Amino acid sequence: MITLQPGEITVGGVALHNHLLLAAGVLGTTGASLGRMLRLGAGGVVTKSIGPEPNPGHHGPCLVRTEGGLLNAMGLPNPSKEFVGEIEPLKDDPVVVSIYGKDPEDFKEVAGWFAETARGFELNVSCPHAAGYGAAIGTDPEMVLECTRAVASHGLPVWVKLTPNVTDITTIGLAAEKGGASAIVAVNTVRAMRISTELRRPVLGYRSGGLSGKAIFPVAVKCVWDLYEACSIPIIGCGGVSTANDVVEMMMAGAQAVEVGSAVVDDVRVFEQIARGLYSGDGVAAEEIVGVAHHA
Amino acid sequence: MPDLPMLPVRVTVKAVVEETPSVRTFYFEPAIPSSPGQFVMVWVPGVDEVPMALSSATSITVQQVGDATTAMFLLRPGDSLGIRGPLGNGFTVSGKTLAIGGGVGAAPLLHLAVEGQVSTFLLGARTADELLFAPVINASSNLKIATDDGTAGHHGVVTDLMDEIDLEAYDHICVCGPEIMMLKVLERLQKAGVADRGQFSLHRYMKCGIGVCGSCATDPHGLRVCRDGPVFTGADLLESEFGRYARDATGSKVVFPWAKKAEE
């Protein structure tokens with residue numbers, strides 16, 4: 001298998017220790033938890049999505065395992081502004097703050113709280129299980145453009161995390177690019193649900209939610225592929241990445257870095273595991289493989 | 001892939017036993033094969049899903065505290081619950097074990113005691129009526145009782161009973177109960193130089209139960225109560241948030257009343 005040169009990289013305006021980031025929503029509710037993932041080998045971390053008001057999230061069950069993936073409807077739980085103090089001790093680390101809101105003003109306000117501590121922002125315009133938030137915004141190109149522009153006004157890198165639950169993801173990617181995004185993150189979870197046949201009702205408290213994990217890896221690869229063809233800004237792959245080969249595949253589709261989330265359910269040391277297979281002293285430069293499959 | 005549960009499985013309530021005025025045990029089928037100290041996520045359909053210690057492979061013992069437990073108190077034999085589990089690490093004991101339980105915290109320790117793994121059991125409650133499982137525990141270990149109001153056993157808190165115990169004589173000290181009680185136990189273990197022999201079953205707000213969401217992560221190490229715990233050694237807990245604060249559903253810190261007083 002192809003291996004990469006180890007070392008620091010910069011993607012979408014953010015300097016990272018390696019190509020592997022902790023994805024938003026996973027082990028990102030506290031500073032200590034994010035710090036642990038950095039110690040365990042994440043090249044950077046994306047926080048839990050922070051919104052304008054503290055939010056307890058949905059009633060349970062919020063998350064269950066299903067074949068090849070995780071199904072969740074957490075409902076964007078977060079402590080809002082109190083989170084500023086959580087990441088204060090990590091201000092010298094590559095921490096990207098994920099943000100959600102209902103309109104550009106919300107996004108701009110929340111980003112403003114973190115302008116001194118964050119290395120960049122990731123806009124959550126893609127959560128599939130929060131009425132009025134997330135994908136409700138991310139399926140509207142004009143809203144994506146305006147929210148991106150509003151946060152970009154703070155002068156820090158802005159990544160926009162897209163939903164795969166659209167007919168053409170490139171129209172949303174181009175809207176983010178036009179709004180001044182430094183990178184696109186593809187993708188958030190895929191709308192999904194399970195029903196307990198024994199209890200004759202949907203398993204999740206919110207009834208439906210989003211699917212992540214291995215099951216959606218091919219969906220994510222296709223989204224990255226399409227965005228690479230259409231957009232000029234860097235792409236960060238996300239969705240079902242759990243091995244070094246997945247990282248290489250995602251990069252060949254066009255990603256410059258990847259986010260890893262659900263794979264932590266197998267082992268909290270997943271970053272070390274992937275890095276062991278991904279990097280070697282005689283590895284190639286990442287630029288040599290990013291998007292290479294498009295030229296075959 | 002570790003041995004983690006997939007979708008919740010349905011269990012049927014077979015019997016409901018009123019243990020004390022505020023605590024009931026729900027016996028169910030089928031059994032959830034598990035080790036003492038492990039827990040399950042209990043889905044009360046239409047209400048919520050909450051973590052509960054197993055008091056045996058076929059029972060959970062519940063105190064009425066919130067929406068989900070209030071709904072559970074309406075359950076009758078024949079009703080259904082969804083269960084994900086067993087989850088977490090459980091107690092790991094060998095040799096001579098001391099168990100210290102307060103209130104409904106006696107539930108996971110009962111599981112340990114009936115397996116014959118507890119030599120001495122210190123059991124505390126507010127009042128005699130609230131003492132949990134005393135006859136059963138008495139049958140399998142040397143039981144000592146304390147009640148806050150003196151209506152049974154020693155008049156005082158359960159940690160008072162530690163005065164007459166040679167802590168160094170025990171290989172393991174397994175503890176479950178209100179956090180203030182566990183904090184007092186830890187202080188005594190530390191004083192005796194045996195904090196590393198303590199195994200404390202921690203209670204924190206949980207959402208996913210399988211180590212992904214991070215809502216139960218503790219400070220400063222970021223350990224997950226649902227996956228790295230719920231049982232931690234006393235040595236793990238020294239210098240941690242233990243006894244000072246927990247977090248609510250939003251992830252905001254909630255400082256314990258006694259810790260607030262200490263800061264003032």
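In the predicted model, V258(A) of strand β16(A) is the bridge partner of L20(A). Residues are numbered from 1 along each chain as written, and chains are lettered from A in the order in which they are written. Local features require pLDDT of at least 70 in this predicted model, with side-chain atom pairs counted only at pLDDT 80 or more and totals for chains, interfaces and linings using all residues, while side-chain values rest on heavy atoms, without hydrogens and water.

Strand β3 (residues 20–22) of chain A runs parallel to β16(A), to which 3 bridges join it; strands are DSSP runs (E, at least two residues) and helices likewise (H or I, at least four), numbered from the N terminus, and pairing requires at least two DSSP bridges. Strand β15 (residues 235–238) of chain A is also parallel to β16(A), again through 3 bridges, with I236(A) opposite A257(A). Helix α8 (residues 244–253) of chain A carries the chain from β15(A) to β16(A) in a right-handed β-α-β crossover (clockwise from the first strand over the helix to the second, with the strands pointing away from the viewer). From β16 (residues 257–260) of chain A, A257(A) and E259(A) point one way and V258(A) and V260(A) the other, and all are buried (under 20% relative accessible area, 1.4 Å probe, protein chains only).

In chain B, 6 strands form a closed barrel in the order β1-β2-β5-β4-β3-β6, with antiparallel pairing. Strands β4 (residues 48–56) and β5 (residues 59–63) of chain B pair in the antiparallel sense over 2 bridges, and S56(B) stands opposite S59(B).

How values were computed:
Buried means under 20% relative accessible area, exposed over 50%, partly exposed in between (1.4 Å probe, protein chains only).
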